[in-house]
Amino acid sequence: MKKVLLMGQSNVGKSVLFNRLAGARVTESNYPGTTVDFAKGRVRLNGEDVEIIDVPGTFSLEPKDRAEEVAVRMLEEEKEALVVCIIDSSKIERGLYLALEIIEKGCPMVVALNMWDVAKNSNVKIDAKKLEQILGVPVVPTVATRGEGLKELVLRMKKAAPGEIEKIMEQVGGKSGTHG
Amino acid sequence: MEKKLSQMKYEEKGRIKEIDQSLRTKVAGMGIREGKQVEMMTKQPIKGPVVVSIDRTNTSLGLGLADKIIVEVEG
């Protein structure tokens, strides 16, 4: 069965989005050998049964604690999985850091610009179309707590594609492989 | 004036000038990188963490980390 990993930093609304998508069919699991909990659910998305996994929040793919280690390992083990990278739109910069790291791993991905309402209220303006063009993966504004944008997010999962770091760097005029 | 992030005073603002190589990737995911504007929010006593505001986000940093970040302080 196809797997969908919900990844993002902490407090960006991963679990809210998860609960919205998975509804009641949720099982709470423990990653073997650790005490980090995560939830799994089965849903039908775009006419296909998939397993969605609420991955523990991680700031980056360089793990600093157990929960982050689990997150990174899950991403590495599920090579075929589709990743939904959830970003807090009001704190987009640090969210994009993780998004780019996931793109570097070469996973097919969609980006959910969550908390779109919060960003709007604090005068953060984001050109989602332009971002989509730069990243080369679908970018969808969402408000998970109210269910806004989720339909589109699911529809756009069909278009999920691995982004290409080289192309992204070309567009933003930077050099690849330099950190910080 | 340059000082360590850990030496900044309450409500002091500045721009990050240098981050020790060893923790660059460690803090990048938290939105901390060179050139970023920071404001000191709180300092916890007894060698506790410092809380700084970056991009309207309050981020808490251990004193060990804050010691290795150099900030150009305003004024």
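Mentor: The side chains of Arg33(B) and Glu93(A) meet in a salt bridge, with N and O 2.8 Å apart. The term salt bridge denotes a side-chain nitrogen of Lys or Arg within 4 Å of a carboxyl oxygen of Asp or Glu. Arg33(B) lies in the loop between α1 (24-28) and β3 (37-43) of chain B, and Glu93(A) in helix α3 (residues 92-105) of chain A, so this pair joins two chains. Helices (H or I, at least four residues) and strands (E, at least two) are DSSP runs, numbered from the N terminus.

Before going further, please note that this is a predicted model, in which local features need pLDDT of at least 70 and side-chain atom pairs count only at pLDDT 80 or more, while totals for chains, interfaces and linings use all residues. Residues are numbered from 1 along each chain as its sequence is written, chains are lettered from A and ligands numbered from 1 in the order in which they are written, and side-chain values use heavy atoms, with hydrogens and water left out.

Both partners are partly exposed: Arg33(B) has a relative accessible area of 36%, and Glu93(A) one of 27%. On this scale, buried means under 20% relative accessible area, exposed over 50%, and partly exposed in between (1.4 Å probe, protein chains only).

The surroundings of the pair are the interface of the two chains. There, 12 residues of chain B are in contact with 12 residues of chain A, contact meaning heavy atoms within 4.5 Å. Chain B and chain A bury about 1100 Å² between them, 55% of it on carbon and sulfur atoms; buried area is the accessible area (1.4 Å probe) that two parts lose on being put together, summed over both. Of the area that chain B buries against chain A, Thr25(B), Gly29(B) and Arg56(B) supply 39%, more than any other three residues.

Across this interface the rule finds 2 salt bridges, and the pair of Glu93(A) and Arg33(B) is a salt bridge between these chains. Between chain B and chain A, 5 residue pairs are in polar contact, both residues being at pLDDT 80 or more. A polar contact is a pair of N or O atoms within 3.5 Å; within protein, one must be able to donate a hydrogen and the other to accept it, and residues adjacent in sequence count only if both atoms are side-chain atoms. On the side of chain B that touches chain A, α1 and β5 (57-61) of chain B each supply at least two residues. The helix α1(B) gives the most to that side, with 3 residues.

Finally, a word on confidence. Chain A averages a pLDDT of 88, and 93% of its residues score at least 70, where pLDDT is the predictor's confidence in each residue, from 0 to 100.
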